[in-house]
Amino acid sequence: MDTRDYDDVPGTYVLDSRTYRKGYHVNMFLMSLNRAECRDTFAENERAYLDTFPMTDDQKEAVLDRRYLDLLKLGGNVYYAFKLVSYDKQPPQVMYGQMAQPSMSFEEFQEMMGKGGRSIDGNRTIAEWNNG
Amino acid sequence: MADLIAGMGTSHVPGVGAAMDNGKTDEAYWKPLFDGLKPLRAWHASNVPDVNIIVFNDHATSYSLDGYSTFTIGVGDHFKPADEGWGPRKVPNMKGHPELAWHIVEEVMAEDFDLAVAASLDLDHGFTVPLSIAYDQPDVWPTSVIPVCVNVIQHPLPTALRCFRLGQAIGRAVASFPQDMSVAIWGTGGLSHQLGGERVGVVNPEFDQMFMDNLTQDPMANTKLSHAEFIREAGCEGVEMIMWNVMRGALNTEVKEIYRFYHIPVSATAYGAIILENK
């Protein structure tokens, strides 16, 4: 089994060799949004631009729908996903709230952080989640 | 000879730069942070070195899955703020210090640290936000800089101990630089935060305070933390804290804590800053 010692940390997607390989093309698409000319091309026709990358259909649909948690599950990395949030001129808390489970609005996520953030207690292991 | 006078640790949350760039620092959300930075900025105003060595990480900006070195040092004579997807920050270009940078390369390579050497390296918020935190909004940055980029986003990462030892080697290199000048070193990133996944927003003040306490009381304790411990206890992106170990390793065994500030939240991050002077 290709396992890591952090695999039992719940709700966490580490960019390692497994996600690197699964998410290579979607992350390279996201990375391309660092360039103004690529942002313009994407804006002209999002689907057509995505089709220039050898991504899976699931990855393309997740991008088009802005389903960020699914994007991570499909190999995307959050630092790369920021490029898409920025492209949409959205604050990152929109993405954070959408990924959180249960999901939250921008305001709800801000409120959680304003109250000191998500507690580490109960969030260290998958076992804690299953027993909680 | 060059004299390493101090180290700073600070988070490098992009929102801090955006708040400054967009004139929001007096808003209720941001005021507690910028109030807490006042003593830090006062220290910087009266302790301006010739060069700041700034340890940071690139966030899929100049590096990507196509190539990401574990450690990179910038030897250019100037550096530009990067376009990270929303256009470059409107902050001044940064002046490099090729002479000291190359001296560090030569000295630490002789100690078996294999650095990638970059002349052209556009610098993202991981680098420019700490400058803004320290120096506010000047027309020209008051010091030269040497970027030291650490891979903390694409595993496998350098260990916490490796980062500390690199810092020790950098400290020795600075001490042997044959020019009278003052140098400081900054470790950036952290503290606890997680930006992705269902657990997004997790923070751990106890862990963060322990980490900052260790900087003066038991710095080697911070070198014994595994990446899995950082991820579990401080969030997936909290592992950035290993970059503070480079800073701490460069300083003397005995340091004096000048100022510490801790504040939640800054975006989804526990903000931490500390200033340590060499004894």
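The model is predicted, so local features need pLDDT of at least 70 and side-chain atom pairs count only at pLDDT 80 or more, while totals for chains, interfaces and linings use all residues. Residues are numbered from 1 along each chain as its sequence is written, and chains are lettered from A and ligands numbered from 1 in the order in which they are written.

Chain B holds an open sheet of eight strands with mixed pairing, in the order β6-β3-β7-β2-β8-β1-β10-β9. Strands here are DSSP runs of E with at least two residues, and helices are runs of H or I with at least four, numbered from the N terminus; two strands pair if DSSP finds at least two bridges between them. Because β6 (116-118) and β9 (255-266) of chain B stand at the edges with a single partner strand each, one side of each is left without a neighbour in the sheet. Within the sheet, β1 (residues 2-10) and β10 (residues 269-278) of chain B run antiparallel and are joined by five bridges. One of the residues bridged to β10(B) is G9(B), whose partner is I274(B).

Helix α3 (residues 98-110) of chain B packs against helix α5 (residues 160-175) of chain B at an angle of about 120°, with the axes 9 Å apart. Axes are lines fitted to C-alpha atoms, for helices over the stretch in contact, and angles run from 0 to 180 degrees between N-to-C directions. α3(B) and α5(B) are therefore oblique to each other (under 35 degrees counts as roughly parallel, over 145 as roughly antiparallel, 65 to 115 as roughly perpendicular and the rest as oblique). From α3(B), H103(B), I104(B), E107(B) and V108(B) meet L166(B), A169(B), I170(B), R172(B) and A173(B) of α5(B), contact being C-beta atoms, placed from the backbone, within 7 Å.

In chain A, the axes of helix α7 (residues 92-99) and helix α8 (residues 106-114) come within 8 Å and cross at roughly 90°. That makes α7(A) roughly perpendicular to α8(A). Here Q93(A), V94(A), Y96(A) and G97(A) of α7(A) meet F106(A), E108(A), F109(A) and Q110(A) of α8(A).

Where the chains touch, 42 residues come from chain A and 33 residues from chain B. On the chain A side, α1 (17-32), α6 (78-87), α7 and α8 each give two or more residues, and α6(A) gives the most, with seven residues.

Notes:
Contact = placed C-beta atoms within 7 Å.
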